[in-house]
Amino acid sequence: MRELLPEIRHLYQRGLIDEAAIGDYSDCVDEMFWYRESDQDICKKSVNTIQTLKHWAMFEDNKEGSAAKADLDKLLKEMKREANSAGKKIKIGRNDPCFCGSGKKYKLCCMNKPKTELDMVESEQERIKYLKKYPELTAQKQEGRIYLDDFYDAESIEIDKLLYLGLRKRPHFPGLSNWQEDDNRRKRLYLWNAFLKFREKAEREGIKTFEEYDAKYFIHYQCHEWFGVLLELLKKNKDSDKCKEVRNMQQSMLK
């Protein structure tokens, strides 16, 4: 399955996949590494089309569309509830599995780690929420499932996880003040930390081009994509020194 990722990526880039129906490329990768053999049975189950479609507004007897309106009202209430709880922290117990995916208990892993600049914009507990869909990492292998660490080393997974947290689309609630500014700051910090780890890894392993890195370690995002996003965010924040570092690295990797 992993060998198909470049072809799948190419189809997305050409606009031949309906993202509204299938999801974006990141969704595709997430599902691939959550794959279980038992999931194949889903395709064999019969589907009652009438039962499945009868709740659609176009099939309702009520021409006023009351059912559709009820669904919309429910959706709006859920969005409002999520917006109100967006700033609340998610609790994680001392004995719960650590959110970083190490397989250790939280108290034996990240609980006592020193605070970083990332913790200033997003706590460890909040990061759990946005890593729920990230492909599972666990010391307890399950038969019939494939894992990221079957194909990638821990360092490249850590870099990809930072990119995932920085670039993964999150719900936008216009009613929240300074949402865009806070979101840009969060993205900038995640991508900058990913850049530092990427540069260290590339220099240590003698990787000279983006293509060489992607061939070995590409999971969710290609190098030229996130480098471009990081540069734009640094320009907006007028971080000229960091911009210069990223641009120099980009130019050297594109030669």
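Read along the sequence, the protein chain runs α-α-α-α-α-α-α-α-α-α-α. That makes 11 helices and zero strands, where helices (H or I, at least four residues) and strands (E, at least two) are DSSP runs numbered from the N terminus.

Before you start clicking: this is a predicted model, in which local features need pLDDT of at least 70 and side-chain atom pairs count only at pLDDT 80 or more, while totals for chains, interfaces and linings use all residues. Residues are numbered from 1 along each chain as its sequence is written, and side-chain values use heavy atoms, with hydrogens and water left out.

**Stop 1: the whole chain**

Select everything and show the surface. The protein chain exposes about 16800 Å², with carbon and sulfur atoms supplying 52% of it; such areas come from the Shrake-Rupley method with a 1.4 Å probe. Of the 255 residues, 34% are buried, meaning under 20% relative accessible area, as against over 50% for exposed and partly exposed in between (1.4 Å probe, protein chains only).

**Stop 2: H9 against H10**

Now select residues 210–217 (helix H9) and 223–236 (helix H10), which pack at an angle of about 115 degrees with their axes 9 Å apart. Axes here are lines fitted to C-alpha atoms over the stretch in contact, and angles run from 0 to 180 degrees between N-to-C directions. Show side chains: Phe 210, Tyr 213 and Asp 214 in H9 meet Cys 223, His 224 and Phe 227 in H10, contact being heavy atoms within 4.5 Å. The residues of this contact divide into four nonpolar, one polar and one charged (nonpolar: Ala, Val, Leu, Ile, Met, Phe, Trp, Tyr, Cys and Pro; charged: Asp, Glu, Lys and Arg; polar: the others, Gly among them).

**Stop 3**

Helix H7 (154–167), H9 and H10 each give two or more residues to the lining, and H7 gives the most, with four.

**Stop 4: Lys 238**

Finally, select Lys 238, in the loop between H10 and helix H11 (240–254). Lys 238 has a positive phi of about 60 degrees although it is not a glycine. Most residues other than glycine have a negative phi. At 73% relative accessibility, Lys 238 counts as exposed.
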